[in-house]
Every structure is written in C-alpha cells, then in structure tokens.
Amino acid sequence: MTRERTRTEGIVVELTRPSDMHGEAEWDAWCDEAHVPAAATAAGAWAATRWEVADRPAGASPPVGFTHVTIYELEDVPRGGPALVEHLGFNVNVRHAGAGE
C-alpha cells in the first residue's frame, strides 16, 4: 500500500520558552506530550517538528529569547492557520500569501 504524499502549503513557526527555567523538564514534557500534539490536531497539521536550542547553559534562556522551535506543516493554510492561532490563544489576523504574491 502506498501512502499519498501530502503537500505542505504553509508553515507556522512557534518560538517558545518556559516561564520558569527551573521547571523546564516538566514544561518540556508537557509540550511533547500535550501541547504540540493538541496544536497540530487543531490546525490539521500533517507534521509538527520540535527542536531545542542546545547551545546554552543548563537552566538558562539563550540570548535569542527562546529555547524551543516548533514548525507545524499545514496542507490547508486558510483553515489550519486561523485554527492554530485560535488554539494557541492569539487574536491576530492570518494572511495566506498565494503563489505570485
């Protein structure tokens, strides 16, 4: 059986860090087990990939202001983008830039 290839029409990049660096391990587990899967489902993302900034002192936020990056790959941007933004609790307008814009 061959799986149909999904096409990424757009991405959402989420830059995050724990509010309390001393609780980073618990926050990190919550992100991996609850937050990212729920956000990906809300957006209809076909992929969600999360990275951690590794070049930083333990228990400290790096100078860039975030410790983790999550990229959500969306197949349906007009539906998934606003759904993800709403799920994350932001009140912003999402604009879909089509080909040639």
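From the N terminus on, the elements of this chain follow the order β-α-β-β-α, giving two helices and three strands. Here helices (H or I, at least four residues) and strands (E, at least two) are DSSP runs, numbered from the N terminus. The model you are looking at is predicted, so local features need pLDDT of at least 70 and side-chain atom pairs count only at pLDDT 80 or more, while totals for chains, interfaces and linings use all residues. Residues are numbered from 1 along each chain as its sequence is written, and side-chain values use heavy atoms, with hydrogens and water left out.

Let us begin with the chain as a whole. It exposes about 7000 Å², and carbon and sulfur atoms supply 52% of that area. Accessible areas come from the Shrake-Rupley method with a 1.4 Å probe, and for residues only the protein chains shown count as cover. Of the 101 residues in the chain, 32% are buried. Buried means under 20% relative accessible area, exposed means over 50%, and partly exposed is in between (1.4 Å probe, protein chains only). Among contacts between residues at least 6 apart in sequence, 66% join residues at least 24 apart; a contact means heavy atoms within 4.5 Å.

Now turn to helix 2, which covers residues 77–88. How far apart are the end C-alpha atoms of helix 2? They are 16 Å apart, which agrees with the 16 Å that its twelve residues should span at 1.5 Å a residue. The expected span of a helix is 1.5 Å times one less than its number of residues.

Which residues of helix 2 are buried? They are V77, G80, G81, L84 and V85. These residues cover an arc of only 125° around the axis, which puts them on the same side of helix 2. The arc is that of the directions from the helix axis to the C-beta atoms. The cover over these buried residues includes strand 1, helix 1 (24–43) and strand 3 (68–74). On the other side of helix 2, P78 and E86 are exposed. After the helix comes G89, whose phi is positive, near 90°.

R79 also belongs to helix 2, and it is partly exposed, with a relative accessible area of 42%. Leaving aside residues up to four places away in sequence, R79 touches A42, A43 and G44. The C-alpha atoms of R79 and A42 are separated by 9.9 Å, although the two residues are 37 residues apart along the chain.

Next, find E24 in helix 1. Is E24 buried or exposed? Its relative accessibility is 12%, so E24 counts as buried. Not counting residues up to four places away in sequence, E24 touches P18, E52, R56, T67 and H68.

Charged side chains come next. Side chains of opposite charge can pair when their charged atoms come close. The structure holds three salt bridges, each being a side-chain nitrogen of Lys or Arg within 4 Å of a carboxyl oxygen of Asp or Glu. One of them joins R50 to D28, with the closest N and O atoms 2.7 Å apart. R50 lies in strand 2 and D28 in helix 1, so this pair ties together parts that are 22 residues apart in sequence. R50 also meets D32 in a salt bridge, again 2.7 Å from N to O. That pair links distant parts of the chain, with R50 in strand 2 and D32 in helix 1, 18 residues apart. Together, D28, D32 and R50 are linked in a network of salt bridges. D32 is partly exposed, at 45% relative accessibility.

Another salt bridge pairs E9 with R7, where the closest N and O atoms are 3.2 Å apart. At 38% relative accessibility, E9 is partly exposed, whereas R7 is exposed, with a relative accessible area of 58%.

Two places remain to visit. I11, V13 and L15 make a nonpolar surface patch of about 280 Å², and L15 sits in strand 1 (residues 10–16). Patches are made of residues with over 30% relative accessible area and no salt bridge: like charges are joined within 9 Å, and nonpolar side chains (Val, Leu, Ile, Met, Phe, Trp, Tyr) within 5 Å. Finally, V64 is in the loop between strand 2 (47–52) and strand 3, and it is exposed, with a relative accessible area of 54%. V64 and V53 are eleven residues apart along the chain, and their C-alpha atoms are separated by 9.5 Å.
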